[in-house]
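This report concerns a predicted model and turns to the way its parts meet. Please view the structure below before reading on.

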Amino acid sequence: MNLKRDHGGGLDAAIARYGGTRADWLDLSTGINPMPYPMPRLPADAWTALPDAAAFDRLYGLARGFWQVPQRAAILGASGASPIIAALPRILPKGEVSISGPTYNEHGAAFQAAGWDLGQDPSHVLVAVHPNNPDGYLWHADQLTAPYTIIDESFADVDPAGSLIHLADRPGTIILKSFGKFWGFAGLRLGFAIGDPDLIAQLAEIIGPWQVSGPAIAIGAEALADPQWADETRARLSTDSARLDNLMTSKGAELVGGTTLFRLYKVQDAAAAQAHLAKSHVWSRIFPYAGDWLRLGLPGHGRWAQLESAL
């Protein structure tokens, strides 16, 4: 049976069902920072010239410093983590892949589409989403002993102390980073694969040249060179996620887990809760495998009243 690729977003379908315009809606169905990095002024050639080696080298150097990437690990940028996820099954020796769930379903769908067997035996390939989406589970290094290990750290930038980036110099290991979540630029499409140089080289062959746009390189470089913004954003996300928890638990929801970019709650009937919020043009995330799980992202500045009123 093929895995269903269900995601957050889909606001157009919510609008079609419940009315309103996009501007009316508060979309809390994703874990994207609602207050993104301030858009820098871009040089004209970011739009008009093919990205050159120097631009990639600068981006990768800043990424190496920001994430404290081990010197022996290689880095590859791409148009988001998604094309990397899709390519990974093609560079690993085919067998069985262990993906503990429930988790982000693109990993399983990509391996399944490539003809892999999905199982629970981590003796060949293991995929670990760290922190896990949707419950925020954090893996430990001693759990990650497969010959080939993929660690998806798309949401790890909210707490760099918990990152497993030090494992990136281990043979057979690839760590994924997503620029869209923490920096709030999901539409920019920028992600990274970091790890085993041989595997990274194979990924580069599959993904091809100029795999990151000039504007994405320029914006990514500016953001990675701004650790002060990152520190201030982590503090704000921590405060706002605690505010969301207090609001939801006061209405009877039970906190299951999450990160400071999204929170997972147990409610009596998630579909009913989603419909109730949608009538006030607040969109949330529910899951086909857990009828009592409701996931919410954070409202942006000036949008909390809409959520409070909807509840």
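Across the interface of domain 1 and domain 2, five residue pairs are found in polar contact, with both residues of each pair at pLDDT 80 or more. On the side of domain 1 that touches domain 2, at least two residues each are supplied by α8 (227-250), β9 (254-258), β10 (262-266) and β13 (290-297), and the greatest share comes from α8, which contributes five residues. Sorted by class, this side of domain 1 holds 11 nonpolar, seven polar and two charged residues, while the number of salt bridges between domain 1 and domain 2 is zero.

The two parts are defined by the domain assignment of the chain, in which domain 1 is made up of 11-36 + 228-310 and domain 2 covers 44-225. Taken over C-alpha atoms, the centres of domain 1 and domain 2 lie 26 Å apart.

| Item | Value for domain 1 and domain 2 |
|---|---|
| Separation of centres (C-alpha atoms) | 26 Å |
| Residues in contact | 20 residues of domain 1, 19 residues of domain 2 |
| Area buried between them | about 1,600 Å² |
| Part of the buried area on carbon and sulfur atoms | 70% |

Within domain 1, the residues that lose the most area to domain 2 are Ile32, Arg234 and Phe262, and together they account for 30% of what that side buries.

Notes
Residues are numbered from 1 along each chain as its sequence is written. This is a predicted model: local features need pLDDT of at least 70, side-chain atom pairs count only at pLDDT 80 or more; totals for chains, interfaces and linings use all residues. Side-chain values use heavy atoms; hydrogens and water are left out. Domain bounds come from an automatic or database domain assignment. Contact means heavy atoms within 4.5 Å. Buried area is the accessible area (1.4 Å probe) that two parts lose on being put together, summed over both. A salt bridge is a side-chain nitrogen of Lys or Arg within 4 Å of a carboxyl oxygen of Asp or Glu. A polar contact is a pair of N or O atoms within 3.5 Å; within protein, one must be able to donate a hydrogen and the other to accept it, and residues adjacent in sequence count only if both atoms are side-chain atoms. Helices (H or I, at least four residues) and strands (E, at least two) are DSSP runs, numbered from the N terminus. Ala, Val, Leu, Ile, Met, Phe, Trp, Tyr, Cys and Pro count as nonpolar, Asp, Glu, Lys and Arg as charged, and the others, Gly among them, as polar.
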